[in-house]
Amino acid sequence: MDRSVASETPAKAAPPDRAETSNADLGIPAAWNRAALVLGLLIAVALPFVVKNFMIFQLTTVMIYAIAILGLNLLTGFNGQFSLGHSTFVAIGAYTTAILMEFAGVPFYWTVPAAGMVCFAFGFLFGFPALRLESIYLALATFALAVATPQILKSTPLAPWTGGVQGMVILKPEAPFGLPLNADQWMYFVTLGIGLALAVAAVNLINSRSGRAMKAIRDNPIAARAMGINISLYKTTAFGVSALYAGIAGSLSAVVVQFVAPDSFTFVLAIGLFVGLVIGGVGSIPGAIFGGLFLVFVPNIAEEVSKGLAGAVYGVILILVIYLMPSGAAGLVRLAALKVAAWRR
Amino acid sequence: MTIGKHAALAGFAAGLALAASAAGAQTYDPGATDTSIKIGNINPYSGPASAYGQIGKTIGAYFDKVNKEGGVNGRTIEFISYDDGYSPPKAVEQARKLVESDEVLLIFQSLGTPSNTAIQKYMNAKKVPQLFVATGATKWGDPENFPWTMGWQPNYQSEGRIYAQYILENHPDAKVAVLYQNDDYGKDVLEGLKDGLGDKGGMIIAEAPYETSDPTVDSQIINLKSSGADLFVNIATPKFAAQAIKKVAELDWHPVQIVNNVSQSVGSVLKPAGLDNSTGVLSTAYTKDPTDPQWADDAAYKEWEAFMDEYYPDGDKTSSFTVYGYTVAQTLMKVLEQAGDELTRENIMRQAANLKDVELGMLLPGIVINTSETDFFPIEQMQMMKFNGERWEMFGDVIDGAVGS
């Protein structure tokens, strides 16, 4: 199953990045990309009819992580800003959905864009103080945000809306129009659809004029400014867009898990998203799927290897992965495809 | 001829009875077979609450002992315990894995209020027992709405009622001041205290909540002292409970002090607060304290010690968690024994709700487990104890704090 998702990724590895643009002429044949994309999509659509509900739930979680990682990637991979605080935006998205559903009776589907917009606003505003902080200092400031989030959610003034420590239980929507799908399958397809739309949006953004400006800021801020790019605007907007992705992920996770609580959004989640980003591949859009797979399945594998040393096993796997795939999982797949393509020539 | 006919009839009847008993006796839901019973568990082996992981390990060790001694009704226990790192979404994933992939008969002792809240709806929708959860919140005893969920330890409201009873009997004219943590747990204990005082609720002349995000509770204690109270109820988690006891002494305030059960650790509360300052503080308990010398020759204590030495030698023998895990595992054994060969999820809940005066070795003498179809609170009794400067000393009778009594 892991492999099936992997097979879809070289296809989406289309967005040109530094390594790739230079290789474009002897790159991966476009037909391969298209074939892999179609195959990957077919498998993604077929899977929920083959595997158990529990597995569908896990795969949905993978996609939710992937959406959040994708958002982080837009910020870190394409704009060069660090964040160890994305758990905060996931939390805001989740609580936006929970509160709208609980108190305003808004159907779940409308809360997803609402969560995205609220998070965009928060992210955009947070982008302003972030402007004054460079690389590791920004990482620290965002980390502080992640540490503070659970406590703020538990605090008394907010408790009437957030449910305090107790959190909030919400209902999972059933499949509409009498579709022959159970709730797990339906949420899988909702997540898949939203995830694909967001991935396409990300690819388009990266390949647009704005995307080039974002990358120029990452590569050389002074040169970018000399070219007339409004650095503050692009940096804060990048933060906002990144938070929007994280918020949508949070909104989806609230409904899939059917429960939100402060303990779901600790700094462990923030670090997890960062790990997923690096494992998947910084600056790679399909890499997000690998990051999600890693976050969901590797801790379980580590636990299976040794219960007592699960943490240590996880660490060893993490180091091995970084050692064997220095450019992330997506980089490895791309490299392998390039090798095969060169060999066939 | 007649005799023959009768004999044949009798034989036929006997045969029918046998067949019926055989068919009726062995009914299984997923997770149970002729040779084994699969039991799921979720514990925080990693993350911020990983200290509780000892409970899961103790339970696993206890089932090793059961299996080595022949199992329960001839079946071995297959204990599958997963880590959720105290994260509710992970708990949902692990619960679904246990129910849908491992196909356990029941989930036992899932730990933490947030994690259990996260899986409660799912477990009840799937009709899989969520048995003896490891949290003291009062909401686990709600058979009407959640017939597949049951707590185990004395719930926070029962504890509050027990303090109320003690106060009414021994300090009927007291002016009571209460410090409490401003969340579910703190409010639960406070509610129990108020319910227990009943129409004497006016005895509470001052209440001061604190947030877990507060750096200290000093200002709350100053306010409580200025109210003129002479009995102080300390409903706080270890760090804050220690601060409070220390501040009371610093202010030269000398009320009768009650500290709640979660903060009775000598090492992490009373020592930091100062053993002198803590002398005379009251609290409650329901299990035997393994460090208390009065149990040194107790048969049940020795049995526990032998178990720890043989099956969990790395375990901490001074920790209440290992006593807790041992005792709660014994409770489940009792339920499985009662369930006999009818290992259905429904029968498990029926038997869990049918425990009558069960005594377990490491519970304090006189404390018994009782449940019924309407009473999903297994342990509701506790005993008062007083700190003598070195260790806790039990005193008085076992007090019943049953909610609704």
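Two residues count as in contact here if their C-beta atoms, placed from the backbone, lie within 7 Å. Keep that in mind for the tour, and remember that you're looking at a predicted model.

**Stop 1: where the chains meet.** Show both chains and select the residues they share contacts through: 26 residues of chain B are in contact with 27 residues of chain A. H3(B) gives the most, with eight residues. Colour that side of chain B by class and you'll get eight nonpolar, nine polar and nine charged residues.

**Stop 2: the sheet.** Stay in chain B and pick out the open sheet of four strands, which runs S3-S2-S4-S5 with parallel pairing. S3 and strand S5 (130-131) of chain B are at the edges with a single partner strand each, so one side of each has no neighbour in the sheet. Zoom in on strand S2 (residues 36-43) and strand S4 (residues 106-108) of chain B, a parallel pair joined over two bridges. Click Gly40(B) and you'll find its bridge partner in S4(B), Ile107(B).

**Stop 3: a helix pair.** Select helix H8 (residues 238-250) and helix H9 (residues 266-273) of chain B, whose axes come within 8 Å and cross at roughly 25°. That angle makes H8(B) roughly parallel to H9(B), and the crossing is right-handed. Show side chains at the contact, including Ala241(B) and Ile245(B) of H8(B) and Val269(B) and Pro272(B) of H9(B). By class, this contact has seven nonpolar, one polar and one charged residues.

Methods:
Residues are numbered from 1 along each chain as its sequence is written. Chains are lettered from A and ligands numbered from 1 in the order in which they are written. This is a predicted model: local features need pLDDT of at least 70, side-chain atom pairs count only at pLDDT 80 or more; totals for chains, interfaces and linings use all residues. Ala, Val, Leu, Ile, Met, Phe, Trp, Tyr, Cys and Pro count as nonpolar, Asp, Glu, Lys and Arg as charged, and the others, Gly among them, as polar. Two strands pair if DSSP finds at least two bridges between them. Axes are lines fitted to C-alpha atoms, for helices over the stretch in contact, and angles run from 0 to 180 degrees between N-to-C directions. Angles under 35 degrees count as roughly parallel, over 145 as roughly antiparallel, 65 to 115 as roughly perpendicular and the rest as oblique. A crossing is left-handed if the near helix is turned anticlockwise from the far one by less than a right angle, and right-handed if clockwise.
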